[in-house]
Amino acid sequence: MKCREHRLFARPKIIVAFAILVATIPATAQVRKTENIFVVTTDGFRWKELFNGAERKLLTDKRYVSTDSATLDNAFWAATSDERRKKLMPFFWNTIANHGQLYGNRSIGNLMNVKNIYRFSYPGYNEIFTGYPDSLVNSNDYPPNPNENVLEFINRQNGFKNKVSVFASWNAYYRILNSERSGLYINSGWSQLTDNDLNETQQMLNEQQPYLPRIFGSTERLDASTFFLAKEHIKKHHPRVFYLALIDTDAFGHQGKYDLYLNAAHNVDAMINDLWSFIQHDPFYKDKTTLIVTTDHGRGENEKWTGHYSNIEHSDEIWMAVMGPDTKPLGEIKTNGQVYQQQVAATISSFLGMQFKSNHPVAKPIESALGK
Ligand SMILES: [Zn+2]
């Protein structure tokens with residue numbers, strides 16, 4: 001089950017009529033090569049493992065691992081952090097590190113944090129996609145999000161109508177991205193595909209879903225299922241903006257299973273590798289698609305690694321990877337600096353030459369990722 005952070009979510013009634021005034025902002029002239037964007041999130045994955053690989057203390061703690069130590073060492077351990085991270089996330093460290101940028105290695109002074117004070121999922125995804133860490137969005141059970149997100153903004157622009165799709169493991173995305181208002185194509189949680197023209201693969205994936213174990217409960221689909229549904233949709237429909245929201249890393253973290261948490265991260269890396277390989281072999285996407293990978297929140301350290309919350313230290317520490325035709329291949333960003341989760345929304349729209357404006361404040365894009 002997804003961590004359930006309950007709070008009251010009373011929102012003062014506000015008049016949003018003025019939203020109509022900013023409902024349609026024409027795209028500015030395209031100055032970048034990016035024509036399509038893929039965003040991937042892996043829920044609650046720590047910067048520590050991304051930049052340092054497996055942590056010895058947790059890897060050898062029998063409370064957190066049930067896999068035998070020889071198998072674990074073989075899969076995830078090496079003498080240096082450089083080797084360890086390559087073992088855990090080979091695509092990140094062999095491909096993104098050479099062709100893109102990686103933000104958030106705090107051990108060398110490069111910081112990325114969430115701005116919201118809650119440090120759990122709904123507030124985090126709200127911050128990523130609205131650019132606005134709304135203090136009223138304070139629960140994973142929060143109703144449909146009143147804040148407009150960058151995906152629905154893009155979906156309204158010329159050339160993007162019905163070209164924005166979302167596949168997610170956690171069923172909260174209908175609320176987080178307000179599917180009713182936004183009109184985005186969203187398949188989330190253990191939902192069947194309901195398109196009229198399902199192909200054979202899609203029908204098989206639909207048939208398979210009910211047989212998969214609900215090991216994270218009824219609200220969280222396994223990433224392996226989400227990923228293949230997503231992949232088939234991409235092949236078939238060629239969305240210009242695609243968001244893949246994965247959750248196994250957070251779910252195994254809450255279960256206190258460090259071996260499976262690492263394994264999930266390794267699988268996420270392989271899924272992104274697979275997606276990127278498809279992108280770079282498909283003329284529709286090749287050399288005109290930017291990939292952004294990030295997470296919604298951090299997690300605690302030592303015995304608190306399993307959780308994250310406003311009062312668990314380090315839960316606000318996150319990271320981001322970017323790669324595409326416009327992003328300078330700086331690799332791991334080693335300069336002192338600070339970026340925030342709230343900047344991701346405007347970064348996404350800026351790659352497409354659009355300025356995301358809405359009926360709420362929107363933080364500035366991360367200029368160093370944009371290339372110009
Ligand atoms: Zn969580």
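Val-241, Tyr-243 and Ala-245 point one way from strand E6, Phe-242, Leu-244 and Leu-246 point the other way, and all are buried (a residue is buried if 20 or more other C-beta atoms, placed from the backbone, lie within 10 Å of its own, exposed if 12 or fewer, and partly exposed in between). In a regular strand the side chains alternate between the two faces of the sheet. Because 6 of the 6 residues of E6 are buried, this strand is largely enclosed by the rest of the structure. Helices (H or I, at least four residues) and strands (E, at least two) are DSSP runs, numbered from the N terminus.

The structure is a predicted model, in which local features need pLDDT of at least 70 and side-chain atom pairs count only at pLDDT 80 or more, while totals for chains, interfaces and linings use all residues. Residues are numbered from 1 along each chain as its sequence is written. The mean pLDDT of the protein is 94, and 92% of its residues reach 70 or more; pLDDT is the predictor's confidence in each residue, from 0 to 100. Over residues 17-29 pLDDT stays under 50, and for this stretch the model has 16 contacts beyond four places in sequence. Two residues are in contact if their C-beta atoms, placed from the backbone, lie within 7 Å.

E6 belongs to an open sheet of 8 strands with mixed pairing, in the order E5-E4-E6-E1-E7-E8-E2-E9. Strands E5 (185-188) and E9 (331-332) stand at the edges with a single partner strand each, so one side of each is left without a neighbour in the sheet. Two strands pair if DSSP finds at least two bridges between them. Strands of a sheet pair through backbone hydrogen bonds, either parallel or antiparallel. Strand E1 (residues 36-42) pairs with E6 in the parallel sense over 6 bridges, and Thr-42 has Leu-246 as its bridge partner in E6. E4 and E6 are also paired in the parallel sense, over 5 bridges; here Leu-244 in E6 is the bridge partner of Phe-167. Strand E2 (residues 100-103) pairs with E9 in the parallel sense over 2 bridges, and Leu-102 stands opposite Glu-332 in E9.

Helix H11 (residues 223-237) packs on the sheet, where it touches strand E4 (164-168), E5 and strand E6 (241-246), and its direction makes about 160° with that of E4. Axes are lines fitted to C-alpha atoms, for helices over the stretch in contact, and angles run from 0 to 180 degrees between N-to-C directions. Helix H10 (residues 200-208) packs against H11 at an angle of about 160°, with the axes 10 Å apart. H10 and H11 are therefore roughly antiparallel to each other (the term covers angles over 145 degrees). In this pair, Thr-201, Gln-202 and Leu-205 in H10 meet Phe-228, Leu-229 and Glu-232 in H11.

Helix H14 (residues 344-351) is mostly covered, with 8 of its 8 residues buried. Among what covers its buried residues are E1, helix H6 (121-130), helix H7 (150-155), strand E7 (289-294) and helix H15 (367-370). Just after H14, Gly-353 takes a positive phi of about 75°.

Glu-303 lies in the loop between E7 and strand E8 (320-323). With 13 other C-beta atoms within 10 Å, Glu-303 is partly exposed. Glu-303 and Tyr-258 are 45 residues apart in sequence and 11 Å apart in space, C-alpha to C-alpha.

Technical notes:
Parallel < 35°, antiparallel > 145°, perpendicular 65-115°, else oblique.
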